Amino acid sequence: MDIVDHRVSFGDFRLRYEETISQLCLITRLNESVARLDDLPGLCFGIVSAIIEFTPAENCSIMLREPQTGSLNLVVAKGRSDEGSFFGAGEMSTTVLGRGEGAAGWAAQHAELLSIDDCDLDDRFIHLSSAVKEVNSVICAPIVAAGSVIGVINCSHPRKSRFSEADKRNVALVADHAAVLLQKALVVDRIKNECVTLKKRLEEQVGCITATEESVTELREQLYISEKFATLGELLAGVAHELNNRVAPILIYSQMLQQQMCDEKEEKRLRVIEESAVGAKAILETLLHYSRPGEQEREPVNLNQTLQNTLTLIEYKMRNQGIELSLDLCPQLPPANVTEQQMVQVFLNIINNAVAAMENTGGTLKIKSTFDRGNIKVIISDTGPGIPGEISEKIFEPFFTTKESGKGTGLGLSISKRFVEDHKGRIYLDTAAGSGATFVVEVPRNGIRKENSEKHGPFEMRSHDAARILVVDDDSTIRDVIRDVLGSGYEIEFATDGHDATTKIATALFDLLMVDYHMPGLDGRQLYEWVSSNHPSLRQRTIFSTGDIYHEEIRNFIESTGCRFLIKPFSTADLRQMVSSTLSA
Ligand SMILES: Nc1ncnc2c1ncn2[C@@H]1O[C@H](COP(=O)(O)OP(=O)(O)OP(=O)(O)O)[C@@H](O)[C@H]1O
Ligand SMILES: [Mg+2]
């Protein structure tokens, strides 16, 4: 009996010894997977491979539990003879078990190892439609970390009752070890995912910063441009104002002298003087009109007229450099819907470039206007050296210039491009046009025709011999000119500024006031306000004279008074007509 007992316990001991050795080998094998903590599917693969190696399981898989829903998702599945299948995050396997579903679901829900010897007889096992292999016995071991089930290890065999108690203990042992490893790997995995999200967010932020930097650069550039134009505008307005007063006497005296007795030669010379003064007047008007920033409204504009106006600013330079002008302006050109001031800038930039390109050689500047159903097209070409391919790609970039320092800022075409694109149009270099450079500007048409702002009816001269006129102007030459033009027909008094005028109006009666807008001390506006309160009968008997009618504030003020105005430099006819019509109103 003793001997038998001794033999039984020895056999038992041998079995236990072999099992322990096997478990030690299994754990050693599992520990090799520690290096794969940063690779969750790789770690799972190591675990299922170890189970297949150390147990009779034909197939082994690991399902991880979704913390929110409690469902089990297949991460890795491997058969004894296959390479295994991996299902990474976002690449879900079709095998998902709802909470408590199937044998694995049962093991997870009860946190208990489940072993089934005959799957046909146990309701807890469900045959998945996706499973191709036959399964008759299974072990499902929950993976429990820090008191919570984080997954399940599933082992299966096609034969019934294939797993021994030792196999179950081995799988349970692996599940215990896997819990520690998987918990760590899940943390690493979560950190990795967070890093990817953070990186993405950071890239988005960097993208935002880059976009902000670009818009800051653009704003700075716009500021530079508007400052440049504003300063230029102020400068031009001042210069034009002074020049107006100088041109007025030339125009008026040349007209008056022509009416006096003079020989043919003298008359011809006087006509040249008059024509030059008229030309200068046109240039000054254009300068004043276009140098004013701030008037940005779109309106129907005849671009032929805009081109003509632009040319007045540059014709002198062209003539000086032996550049011929060839105009082919479509007489039926419909109006374009544009801010005219900006279109002048665009045309001026292109023409200036063309003139610069033909500076030393002379040549021909060709301007053509045409239209189609949607757009007005202006084509400006020169016979200069043209623009080489490698440069042509950069010419619309801000600050790109091939001109020597001090001769070009490189902003001309980039500003033009911005203006034209603001109009939903386009500007481009027509490279197929042949030698020289050809620029095309396209802007949308407008259906409404621009009203002619100058509505002069037939002029009727009336006599107002008895009329007393007070001329208020700080410029003595202008006072002389007015006296010479109107002197014989009217009784004229002069005031040298606004204060002088108030004294004279307070002491004598006048039928008409002619007031210069720009005066030191009390200016034209303040004088008019004083007149309105103290001598309202003169309110509609006031004529303003100014060269700066394109200044928005001045124009708005004069329009609000309903008074007439004379634009300096005026001609003798303008002056006489204005005085007469105001007196008869
Ligand atoms: N008609 C042309 N013929 C030859 N080159 C041209 C012509 N028009 C433009 N370019 C080239 O394009 C460049 C950029 O022109 P853009 O008008 O933008 O600046 P810029 O004329 O150099 O300087 P800015 O207009 O500010 O005085 C010029 O420097 C020149 O190299
Ligand atoms: Mg330029």
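Colleague: How many helices and strands are there in the protein?
Modeller: The model is a predicted one, in which local features need pLDDT of at least 70, side-chain atom pairs count only at pLDDT 80 or more, and totals for chains, interfaces and linings use all residues. Residues are numbered from 1 along each chain as its sequence is written, chains are lettered from A and ligands numbered from 1 in the order in which they are written, and side-chain values use heavy atoms, with hydrogens and water left out. Helices (H or I, at least four residues) and strands (E, at least two) are DSSP runs, numbered from the N terminus. On that basis the protein has 14 helices and 19 strands.

Colleague: What percentage of the 585 residues is buried?
Modeller: Buried means under 20% relative accessible area, exposed over 50%, and partly exposed in between, with a 1.4 Å probe and protein chains only. Of the 585 residues in the protein, the buried ones make up 42%.

Colleague: Which element gives the most residues to the shell around ligand 1?
Modeller: A residue belongs to the surroundings of the ligand if one of its heavy atoms lies within 4 Å of it, and 19 residues surround ligand 1. The elements that give two or more residues to this shell are helix 7 (340-357) and helix 9 (412-422). With three residues, the element that gives the most is helix 7.

Colleague: At what distance does a polar side-chain atom of threonine 402 lie from an oxygen atom of ligand 1?
Modeller: A polar contact is a pair of N or O atoms within 3.5 Å; within protein, one must be able to donate a hydrogen and the other to accept it, and residues adjacent in sequence count only if both atoms are side-chain atoms. Backbone atoms also approach oxygen atoms of ligand 1, at 2.9 Å for glycine 410 and 3.1 Å for leucine 411. For the side chain of threonine 402, the distance is 2.4 Å.

Colleague: How much of ligand 1 does the protein bury?
Modeller: Accessible areas come from the Shrake-Rupley method with a 1.4 Å probe; for residues, only the protein chains shown count as cover. Taken alone, ligand 1 exposes 600 Å², and the part of this that the protein buries is 89%.

Colleague: Why does threonine 546 count as buried?
Modeller: Threonine 546 is found in strand 18 (residues 542-546). Contact means heavy atoms within 4.5 Å, and beyond four places in sequence threonine 546 has contacts that include Tyr517, His518 and Ile554. Threonine 546 counts as buried because its relative accessibility is 0%.

Colleague: Which peptide bond is cis, with omega near -5°?
Modeller: Most peptide bonds are trans. Proline 569 is placed in the loop between strand 19 (564-567) and helix 14 (572-584). The cis bond runs from lysine 568 to proline 569.

Colleague: What is the phi of alanine 111?
Modeller: Most residues other than glycine have a negative phi. Alanine 111 lies in the loop between helix 3 (102-110) and strand 5 (114-116), and is partly exposed at 45% relative accessibility. Although alanine 111 is not a glycine, its phi is positive, at about 50°.
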